[in-house]
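Dear colleague,

Please find the structure below. My notes on it follow.

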Amino acid sequence: MSIVTDAKNGKVTEEMKIVAEFEDLDPEFIRRGIASGRIVIPTSPYRKVKLGAIGEGCRTKINASIGSSSDIVDIDMEVKKAIAAEEAGADTLMELGTGGDFLEMRKAVCDAISLPVGSVPLYQAFIEAARKHGSIVHMTEDDLFNATEEQAKAGTCFMAIHTGINKITLERLQRHGRYGGLCSRGGAFMSTWMLHNEKENPLYEQFDYLCEILKEHEVVLSTGNGMRAGAVHDATDRAQIQELIINSECAERAHSEYDLQVIVEGPGHVPLDQIKTNVQLMKIMSNYKPFYMLGPLVTDIAPGYDHITTAIGAAVSASYGCDFLCYVTPAEHLALPNIDDVITGVKTSMIAAHIGDMIRLGKRDEDLAMARARRDLDWEKMYEIAIDGKHAKAVRDSRAPGDEDACTMCGDFCALKIVNQHYDLAK
Ligand code: SF4
């Protein structure tokens with residue numbers, strides 16, 4: 001029996017109670033959210049994971065992605081990145097390795113952390129086909145479903161599955177063209193396979209079979225975003241919207257007919273003035289399923305700083321109702337992220353999520369506490385409240401002030417200290 005079935009039957013489970021306590025919400029609110037498809041709790045019957053809720057009324061959650069590439073295969077390094085992501089504050093972790101031994105990598109990562117782990121099974125199916133038969137186009141439909149099952153049994157809690165790329169989506173993509181090409185690996189693999197083999201996407205065509213596998217292993221379906229724009233000039237184009245329509249239909253069927261927990265993924269590269277439209281479209285079309293935003297990057301001209309271009313878009317997205325943010329690191333578009341990139345990506349996304357939650361959920365208590373701590377020059381309190389107090393302390397300590405109360409920015413002429421010494425502004 002799935003957690004959705006329990007929720008639909010009116011049962012409040014232990015998982016619902018645990019996440020409700022963290023979110024400071026009524027467990028009944030969580031139950032209703034799961035029953036209606038607006039909240040998910042990723043878990044796995046194969047490993048114990050840290051429980052968290054994603055969706056309506058819950059704090060915006062952060063995903064960090066790690067994984068090898070064909071150029072850099074270092075399982076120890078990926079495990080260290082996974083641990084660093086968890087310690088930095090990520091809520092989930094996607095293991096997206098495309099180099100080396102898939103099973104060994106995933107097992108090592110799952111053993112090292114307690115976060116819910118996500119994956120993209122089609123990477124494994126296509127890459128193994130390329131290794132065995134010389135090209136991704138030789139993948140078989142069985143390869144896809146076998147990889148999905150294998151990854152579920154390895155403890156994957158949620159999977160990005162590219163159900164929305166069908167022949168119509170692909171026709172729209174080709175007819176319309178793209179300034180920035182197709183940036184999704186899943187989208188590139190599947191569309192190339194479909195065109196070469198002149199076949200429909202098996203994940204779309206055999207959607208019922210897919211749902212049965214996911215249900216058996218209690219995996220959250222995250223409808224993949226293979227048509228996301230890789231350039232702001234391609235944002236919100238017809239192929240992206242076509243994929244969203246199909247994904248929304250699949251999401252609805254998975255939840256209503258199979259009692260699956262479902263997340264709907266979204267773009268990508270999106271200019272600021274199109275974010276509200278994208279969030280609203282995603283929410284309305286998917287019947288308010290949890291929305292997983294991959295970015296969004298709001299400009300294309302800042303490689304090396306794409307964690308910042310993403311944080312700007314992510315904060316705005318979260319303020320409009322996006323529930324789940326996939327981080328972007330400073331290495332985006334340039335290289336496989338290292339440990340420092342992972343930490344920076346997580347922290348930057350946490351800032352974006354908090355800014356969004358200040359608007360969407362009205363969560364401003366921590367900002368009020370920080371205001372008072374700053375006014376009172378209570379440095380320990382400031383470090384305690386800060387998203388990265390350790391970093392904040394290290395910066396101040398690196399340029400130690402002459403006056404313990406102040407900092408080296410204004411030194412003897414600390415505005416706060418001067419006012420505190422002469423009159424009282426406390427409230
Ligand atoms: S020295 Fe200036 S920047 Fe530093 S705490 Fe005082 S007012 Fe703020």
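**Notes on the model**

Gly 268 is located in the loop between strand 8 (262–266) and helix 13 (275–285); helices (H or I, at least four residues) and strands (E, at least two) are DSSP runs, numbered from the N terminus. A cis peptide bond, with omega about 15 degrees, joins Pro 267 and Gly 268.

This is a predicted model, in which local features need pLDDT of at least 70, side-chain atom pairs count only at pLDDT 80 or more, and totals for chains, interfaces and linings use all residues. Residues are numbered from 1 along each chain as its sequence is written.

A cis peptide bond also runs from Gly 295 to Pro 296, with omega near -5 degrees. Pro 296 sits in the loop between strand 9 (291–294) and helix 14 (306–320).

Most residues other than glycine have a negative phi, and most peptide bonds are trans. Glu 218, which is not a glycine, has a positive phi of about 55 degrees, and it lies in the loop between helix 11 (207–216) and strand 7 (220–223). For Asn 287, in the loop between helix 13 and strand 9, phi is positive as well, near 60 degrees.

Glu 218 counts as partly exposed because it has 19 C-beta neighbours inside 10 Å; a residue is buried with 20 or more other C-beta atoms within 10 Å of its own, exposed with 12 or fewer, and partly exposed in between, the C-beta atoms being placed from the backbone. Asn 287, with 16 such neighbours inside 10 Å, is likewise partly exposed.

As for the protein chain, it has 19 helices and 10 strands, and buried residues make up 48% of its 427 residues.

With kind regards
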